[in-house]
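A short report follows the structure.

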Amino acid sequence: MAPHATSPPPSEITRLPAPSRPAFSPSPPRLLIIGAGNRGNAYASAIQTSTNGLLVSIVEPIPAKRALLGRKFIWGKRDAEEGEEFSDWRDFVSWELERRKRKEEGVKVVEGVDAVFICVQDRMHKEVVLGLAPLGLHIMCEKPLATSLDDCVEIYRAVSGASEEKKLFGIGHVLRYSPHNMLLRKLLVEERVIGDVMAVNHTEPVGWWHFTHSYVRGNWRKESTSAPSLLAKSCHDMDILLWLLCSPPPGSSKPPHLPSTITSSGSLQYFTKHRKPTQAGSATNCLSCPHESNCQFSAKRIYLGPQMQGRQAHFVSIVLPEIEDIIASHGKEVGEKALLAKLGEDYGSATPEGDVEKSNWFGRCVFESDNDVCDNQTVTMNWENDPIALEGESPLQALTGRGAKTAALHMVAFTHKICQRFTHIYGEHGEIFADGDKIEITDFATGEKKVHWPYVPEGGGHGDGDEGLARQFVLAVDRVKSGGMAVNSVQEEYIGCTAEEIIRSHAAVFAAEEARRGKIVVDFGSWWEREVEGRLRM
C-alpha cells in the first residue's frame, strides 16, 4: 500500500495551531519517572515543555543514565538533593513510606510526589505497578501494559478498585494523543465525514535500521525476555484501530462495537543465519567482519554514518548513554573511539546465556543474534453487523457506527520510513488517507478532496503524541489534586482512555498472537469471555 503523492512545499501549508500548555496551579503536580531510558527521557522532556507539572525525581539503576536525566531535567548544575534520585524503585517506596511517617509525627519533610511515569522494561511493569500500590499514586505506565495476558488482567484488577481508592491510570498509547490522530477520530467518528467505515488498511513501517537496533540487537529482540514484536512495537497501532472502529463517540450510551474475528500471519523472515552473506565468514561482530564495509547492516555504518536521517544522537545515546559527557569532557574523537569500543563488545559460546539475554549487543552481526521476534506481520480484524437501537431510533440509526467492517494492520521492518504510519480508510460516502502529516478526505458524491493539516512539531515524539499524553495525564492529576474533581470523570474527560479500553486493545494483541501461532481464526467474542472474563472471575 503506497503512500499518496508528495505534500506541497511547507510555504503553501497552513497548519492548525499547536496545543497550548496548561496554566500552572498554585500547587502543581509533582512527578517521578522510573526508568531513565529512551521513553523516560521522552516523557521528561514532554513534562518540562508541555505540561503544568514538575518533574522532581528519577529512579534509575545505571548511575550515568540517572545523572544525565537528572542534570538535564531536575537538578541542573547543582548536586541532587534528598528525594530527587533513587537507584531502585523499592528504595523510593521505602523512602516515601518513611517520609509520610515522619510527616505524621510532625517532622518537617520534603514534599512528596503525586504521580509516577513507569518507564522500565516491559516485563517489569506488573511488578512496579503492584509494588507502588501501597502509596496510592496516580500512574502512567509505558506500553505495553505487560507481556502476558495474566499480568495484564492482574494489573487491570489492581487499578479498577473501589471508587474511594481509585487513582488515575494511563497507558503509553501515545498515538491517541497526537493532534493528527485526535483530529482523525473527530472527523471519522464524531463528524462522520465518510459515513460508516467499510474497511481500513493501516501500515506501521518500522524502518530497516530501526528494526535492527531495537528488535535484532536491542532490548526487544527476543520473546522470552521481552514480548512478541506485535505487542512491543505495535500494540498502540492495534489500540488506535480499536479506538477508531470500536470505541463509541463521546456522550454515547452504547457499548463498544467489538470485533467478531481476529486472524494474523507473520514470522521472522530475514534476520537469521540462513541469510548471512558468505563473505562474512564466521564473524559475529561487525567490527571484526571482512564484509563490514559492504554490509547494509554494519553497526559502524548505522551508528556513525548518515542512515539515521537526523536521529543519530538519540540512538547513539542508547548504545552509549555516557557519550554526551565523554564528548563534552574529551572531544568528539574520544567519543567516537568509546562508541566503537562499545560496538566491539561481543559474546561467544562460553558466555552464560543469562549474560547474553540481559544485555544489548549493538555491534553484533544481525545474522548471528539470538533474536526471534517477527520482522513482518499482518493482523486482520472483522466486525459483523451489531445494531443497538435506543428509544426512538430507526433500524438504520441503530446500525450507525456498528456495521460490518474490516481492518488490516501490517507491521513491516523493511521500509525507508521510520515509524511514519499511514492509513487508508474506506467509507460508504468517501475515503480518507492519513499519514501523520495530513488527512486527505475524498467525497464520492462530489469528487471533491479536502486536506487537513494538523499541528506536527519538528522532532516531536510520535507527532506530538508523547507531549500530548504527558500534557493530558498531568492535567488530569492537577484536576484531581487542585480542582477537586472525581477520578472517574477526570479519567474519561482528560485522559480519554479507560482501564477497559487498555485491556481490550492488549487482549486483541494476545488473540492475534494466538491466531498467528495456531494458524487459526479466533472468534474474539468467545475468546474474550474465556480468556479475559474467565480470568477476572477467578
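## Six-stranded sheet

Six strands form an open sheet with parallel pairing, in the order β3-β2-β1-β4-β5-β6. Strands here are DSSP runs of E with at least two residues, helices are runs of H or I with at least four, and both are numbered from the N terminus. Two strands pair if DSSP finds at least two bridges between them. The edges are β3 (85–86) and β6 (169–171), each with a single partner strand, so one side of each has no neighbour in the sheet.

Four bridges join β4 (residues 115–118) to β5 (residues 138–141) in the parallel sense. Valine 116 has isoleucine 139 of β5 as its bridge partner.

This is a predicted model: local features need pLDDT of at least 70, side-chain atom pairs count only at pLDDT 80 or more, and totals for chains, interfaces and linings use all residues. Residues are numbered from 1 along each chain as its sequence is written, and side-chain values use heavy atoms, with hydrogens and water left out.

## Nine-stranded sheet

A second open sheet is mixed in its pairing, with nine strands in the order β14-β13-β12-β11-β7-β10-β9-β8-β15. Its edges are β14 (449–452) and β15 (522–523); each has a single partner strand, so one side of each is left without a neighbour in the sheet.

Strands β7 (residues 197–205) and β11 (residues 422–427) run antiparallel, joined by six bridges. Alanine 199 is partnered by tyrosine 426 in β11. Seven bridges pair β8 with β9 in the antiparallel sense. There, threonine 261 stands opposite asparagine 382 in β9. β9 also pairs with β10 (residues 405–412), antiparallel over eight bridges. Tryptophan 383 stands opposite lysine 405 in β10.

## Helices on the sheet

α18 lies across β8 (261–267), β9 (376–383) and β15, and runs at about 60° to β8. Contact means heavy atoms within 4.5 Å. Axes are lines fitted to C-alpha atoms, for helices over the stretch in contact, and angles run from 0 to 180 degrees between N-to-C directions.

How do α5 and α18 pack? Helix α5 (residues 149–159) meets α18 at an angle of about 175°, with the axes 10 Å apart. That makes the two helices roughly antiparallel, a term for angles over 145 degrees. α5 brings Leu149, Cys152, Val153, Tyr156 and Val159 to the contact, and α18 brings Ala499, Glu500, Ile503, His506, Ala507 and Phe510. By class, the contact has nine nonpolar, one polar and one charged residues. Ala, Val, Leu, Ile, Met, Phe, Trp, Tyr, Cys and Pro count as nonpolar, Asp, Glu, Lys and Arg as charged, and the others, Gly among them, as polar.

## Pocket and cavity

The second largest pocket holds about 920 Å³ of space. It is lined by 34 residues, with Arg185, Glu492, Gly496, Cys497 and Glu501 closest to its centre. Elements giving two or more residues to this lining are α6 (179–190), α17 (487–495) and α18 (499–518). α17 gives the most, with six residues. The lining has 14 nonpolar, eight polar and 12 charged residues.

The whole structure has four cavities of 30 Å³ or more. The largest cavity has a volume of about 100 Å³. Of its 15 lining residues, Cys286, Cys289, Cys295, Cys365 and Phe367 lie nearest the centre. Nine of the lining residues are nonpolar, three polar and three charged.

On a 1 Å grid over the protein atoms alone, a cavity is a set of points where a 1.4 Å probe fits but cannot get out; a pocket is an open set with protein on both sides within 12 Å along at least five of seven lines; lining residues have an atom within 4 Å of a point. Grid points are joined across faces, edges and corners, and a volume is the space filled by probe spheres set on the points.

Note on methods
Angles under 35 degrees count as roughly parallel, over 145 as roughly antiparallel, 65 to 115 as roughly perpendicular and the rest as oblique.
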